[in-house]
Amino acid sequence: MKKRIIILLVLIVHLTNGLAAGKSVLSLFTDRDVYVSGETLLAKIYLPSDNLSRIVYLDMVNEQGIRISGVSLEIKKNQADGYLQLPDSLSSGSYLVRAYLKHTAHQLKVIREIKISNRFDGLEKMNQMNRVECSSVVQTRNTAKIEIANVSPVYSAGSQIHADVEINRDLLDSIDGDLFVSIAQMDPSFESVAFFEKSSSAESGLVEKKGIVISGTVLNRKTKKPTSGITVYFVVPDSIPGFQYYKTQSDGRFYFMLDKYCGSVDAFVECFREIPTEPLTIKLDELYAESGSLPRYNKQQITEELRNSILRNVDAVTFQKVFNQPKLRFHDVGKQAPDSYPYYGEVSCTVDPQLFVDLPDFTEVSRELLHGVKFRNYNNEPTMQVFNNPMRNYFDEMPLVLLDGIPIRDLNIIKGMGSTDIDRVDICLSERFYGNLRFPGVVAIYSTKKDYSRLTESDQLIHLKFETVQVPYSLEVSENLDSNIPDLRQVIYWNPTVTKNSKILVDCRASSVIGLYKLVVRGRLIDGTLISTEKQLEVK
Amino acid sequence: MDRKIALLILVIFSLSISVSVFSQIPLTKKWDTEKIRGERNLPHPSFEGFPYLNRTWVIGKIEFNDGEVSDSLDFRYSSFKDELVYFNREISAQIVVDKASLKGFSYVDSIGISHIFRRQYFDGFAKGNRYFEVLSDADIDLLVYRKVKLSAVSPYKSVAGILRDQAYTTEYQYYFYSPTNGYTLVRPTLSGLLSKFDHTSQRPIKKLLRKNRIRISDEDSFVLAWKCVDKVGFQLIF
């Protein structure tokens with residue numbers, strides 16, 4: 001009997017552990033439900049409390065599952081917030097905003113349906129619209145323990161709004177992390193819900209504990225099989241270039257970590273074939289998740305109320321663009337101190353060829369200016385050797401040659417570079433090491449144009465232009481607006497990280513866009529329950 | 001019945017373990033850590049004495065400038081060149097780690113004593129970055145620069161039978177350091193310690209050391225004496 005009880009207990013503990021692990025509180029909220037193309041969507045994401053990732057992805061797909069835009073956001077206190085720019089050319093219809101973690105994207109995504117109306121060919125011209133048929137809706141509990149006080153039901157355009165959010169002491173202790181408060185335009189005839197897209201797929205990726213992970217596979221171009229033992233380089237060109245490398249294993253996979261970058265990044269992924277008969281090709285993985293299974297849609301009638309609201313918003317957005325009223329203000333990122341010297345080491349000497357007489361090609365430049373660098377171009381087969389200072393002889397092997405920080409093997413790329421094309425040349429006259437890489441001397445050439453036009457993209461050299469972690473932002477509040485110019489904001493207050501307190505003051509100014517608005521306070525309890533309180537107000 | 005349940009549990013456990021074990025492709029070891037930068041170490045010239053602080057390779061950790069720590073590395077400190085030499089097992093190379101890339105390094109010696117070295121800028125004679133061993137870490141640090149130099153000695157025959165007139169000799173330099181006042185050189189003796197305090201404090205310090213039964217005879221007792229004096233709060237003169 002005792003044995004049975006122990007076995008049963010073990011089983012129960014194991015099962016409950018499994019259930020607890022499966023419990024998810026991933027959730028997504030947007031500032032509004034209906035948008036006009038060219039606008040900016042604001043989003044707030046709550047992540048599971050046991051989350052280990054530092055990055056959450058937010059993207060938008062259309063009804064066919066084609067991704068329109070996407071961003072990666074930094075997670076702080078298991079919460080994240082960001083924005084998505086809705087392209088001006090979007091056609092009117094239903095779109096899905098998705099939030100997910102890369103390593104669990106195959107199993108779980110939280111999705112919110114939004115409507116977008118094209119400015120020139122809007123929803124108002126349609127009679128029906130598609131509505132998602134969702135099964136597992138993200139539950140949010142309305143709580144009376146958060147009270148919104150001092151809010152009038154009606155405000156005149158441009159008037160000041162003061163609201164007090166009072167939170168019950170008992171509730172305050174059980175709130176996990178920050179609260180989120182917003183006042184945005186609403187439409188009672190269309191309210192979207194967030195729902196989960198779950199899958200039993202066992203496929204899982206890397207947990208992005210430190211930052212965004214760029215991954216891919218090196219394949220043999222002929223056999224299409226993964227290639228092992230290939231060193232893949234990742235370079236972010238700069239005055240002091242960023243550099244990473246990865247040696248592939250039998251699966252041909254490679255990974256690069258982008259933990260020190262913010263905003264837009266220009267990068268190069270490159271590999272070299274060691275055996276001439278083995279042509280290689282780099283296949284990069286998608287940064288964002290696949291569309292997965294598409295939800296089912298139902299047809300719904302567009303109400304007259306929604307039609308009018310869309311028309312009003314189209315005008316507001318058009319004039320916002322005419323008057324050049326930005327919605328967001330971007331903050332400077334406290335940039336991490338860059339390395340004091342490049343990855344290839346402290347340079348033995350730096351040469352600026354522009355300080356000397358004009359030299360027509362690199363042979364002349366090296367001969368006249370680059371001491372310790374032997375560049376020869378016999379029979380159109382250029383070679384380069386660097387002097388090994390400590391050993392007092394020349395290296396037999398070719399040095400690491402860099403053009404704007406990007407490793408190159410084909411010296412024909414640089415042979416035509418004269419002094420007018422070169423900004424500076426860094427030379428390391430010793431045997432350098434970076435991790436497990438060995439460089440028999442280094443010659444780093446920095447071009448004047450910095451347009452990478454000398455490097456031709458191929459299967460082995462990929463030029464990437466992508467957005468890393470989104471730059472911090474806040475809602476633009478223009479205090480000194482010209483009285484003749486209307487204030488066309490549809491979101492008049494947005495603070496996704498309000499420190500929990502028994503009393504929170506909400507202070508803002510109503511815009512010139514008339515209509516119904518909603519003051520919402522959202523939060524998450526320690527047990528994962530999402531709570532919210534809202535109050536409606538009208539701007540006339 | 002019991003056996004059946006036990007078997008069921010075993011199956012569940014093994015399934016859950018197999019899922020967690022094979023859920024990720026094994027990655028290259030330490031793929032996302034900061035890489036050590038340096039250049040090939042060239043052997044020191046052969047003279048009497050020893051140019052390294054450590055007789056053999058020690059296992060320790062290094063801290064990069066950004067605070068990232070790389071653990072379980074084989075290295076030894078070259079007191080002669082004031083450089084950290086690390087052995088890269090993957091490529092079988094002895095590499096001098098770039099001083100500019102490190103914040104410091106530490107290791108535990110064969111008798112279990114921890115040694116912490118910090119890279120600091122020295123503004124005295126021979127300005128530049130130096131590795132100092134931290135003997136006491138407080139508002140005022142007690143540091144030692146474990147210097148080995150080549151000195152002229154009476155001619156002798158080396159192991160190879162070559163006549164030489166130089167040898168590696170230790171010349172450790174002890175400093176009190178505070179970020180505001182900088183460095184002050186100190187001899188690791190009682191008189192050396194007392195000379196760093198004003199006359200009125202010297203008698204009470206002597207009394208304090210006597211009371212604590214500390215007799216400065218070597219580096220360890222000197223460190224102990226300084227910690228005892230520092231605890232009471234006597235004002236050091238820089």
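How many helices and strands are there in chain A?

1. Chain A has five helices and 37 strands. The model is a predicted one, and the points below should be read with that in mind. Taken along the principal axes, the C-alpha atoms of chain A fill a box of roughly 85 × 85 × 45 Å.

2. On burial and surface: chain A has 540 residues, of which 53% count as buried. The chain exposes about 25,000 Å², and carbon and sulfur atoms supply 50% of that area. Among the contacts in chain A with a separation of 6 or more, 74% are between residues 24 or more positions apart.

3. Strands of a sheet pair through backbone hydrogen bonds, in either a parallel or an antiparallel sense.

4. Strand β17 of chain A, residues 231-236, pairs with β18(A) over six bridges in the antiparallel sense; here Val235(A) stands opposite Phe243(A) in β18(A). The antiparallel pairing of β17(A) with β20(A) has four bridges, and Tyr233(A) has Glu270(A) in β20(A) as its bridge partner. Between β20(A) and β32(A), which run antiparallel, there are seven bridges. Ser264(A) has its bridge partner in β32(A), namely Glu467(A).

5. Gly216(A) is in strand β16 of chain A. Its relative accessible area is 0%, so Gly216(A) is buried, the cut-off being under 20%. Leaving out residues up to four places away in sequence, Gly216(A) touches Gly252(A), Arg253(A), Phe254(A), Lys283(A), Leu284(A) and Asp285(A). Val232(A) is 16 residues from Gly216(A) along the chain, and their C-alpha atoms are separated by 10.0 Å.

6. The surface has a nonpolar patch formed by Phe319(A), Val322(A) and Phe323(A), with about 280 Å² of accessible area together. Phe319(A) is placed in helix α3 of chain A, residues 304-322. The relative accessibility of Phe319(A) is 44%, so this residue counts as partly exposed.

7. Side chains of opposite charge can pair when their charged atoms come close. A network of salt bridges links Asp31(A), Arg32(A), Glu39(A) and Lys327(A).

8. Which residue of chain B forms a salt bridge with Lys210(A)? The partner is Asp32(B), with the closest N and O atoms 3.7 Å apart. Lys210(A) is in the loop between β15 (194-198) and β16 (212-220) of chain A, while Asp32(B) is in the loop between α1 (2-21) and β1 (37-40) of chain B, so this pair joins two chains. Both residues count as partly exposed: Lys210(A) at 30% relative accessibility, and Asp32(B) at 24%.

9. Another salt bridge is made by the side chains of Glu431(A) and Arg40(B), at 2.7 Å from N to O. This pair also crosses between chains, with Glu431(A) in strand β30 of chain A, residues 422-434, and Arg40(B) in strand β1 of chain B. Is each partner buried, exposed or in between, and at what relative accessibility? Glu431(A) is buried, with a relative accessible area of 11%, whereas Arg40(B) counts as partly exposed at 30% relative accessibility.

10. Within chain B, the side chains of Asp82(B) and Lys99(B) meet in a salt bridge of 2.8 Å, N to O. The two residues are 17 residues apart and link distant parts of the chain: Asp82(B) is in the loop between β3 (69-78) and β4 (83-88), and Lys99(B) in the loop between β5 (93-97) and β6 (102-108) of chain B. Asp82(B) is buried, with a relative accessible area of 3%.

How values were computed. Residues are numbered from 1 along each chain as its sequence is written. Chains are lettered from A and ligands numbered from 1 in the order in which they are written. This is a predicted model: local features need pLDDT of at least 70, side-chain atom pairs count only at pLDDT 80 or more; totals for chains, interfaces and linings use all residues. Side-chain values use heavy atoms; hydrogens and water are left out. Two strands pair if DSSP finds at least two bridges between them. Patches are made of residues with over 30% relative accessible area and no salt bridge: like charges are joined within 9 Å, nonpolar side chains (Val, Leu, Ile, Met, Phe, Trp, Tyr) within 5 Å. Accessible areas come from the Shrake-Rupley method with a 1.4 Å probe; for residues, only the protein chains shown count as cover. A salt bridge is a side-chain nitrogen of Lys or Arg within 4 Å of a carboxyl oxygen of Asp or Glu. Buried means under 20% relative accessible area, exposed over 50%, partly exposed in between (1.4 Å probe, protein chains only). Contact means heavy atoms within 4.5 Å.
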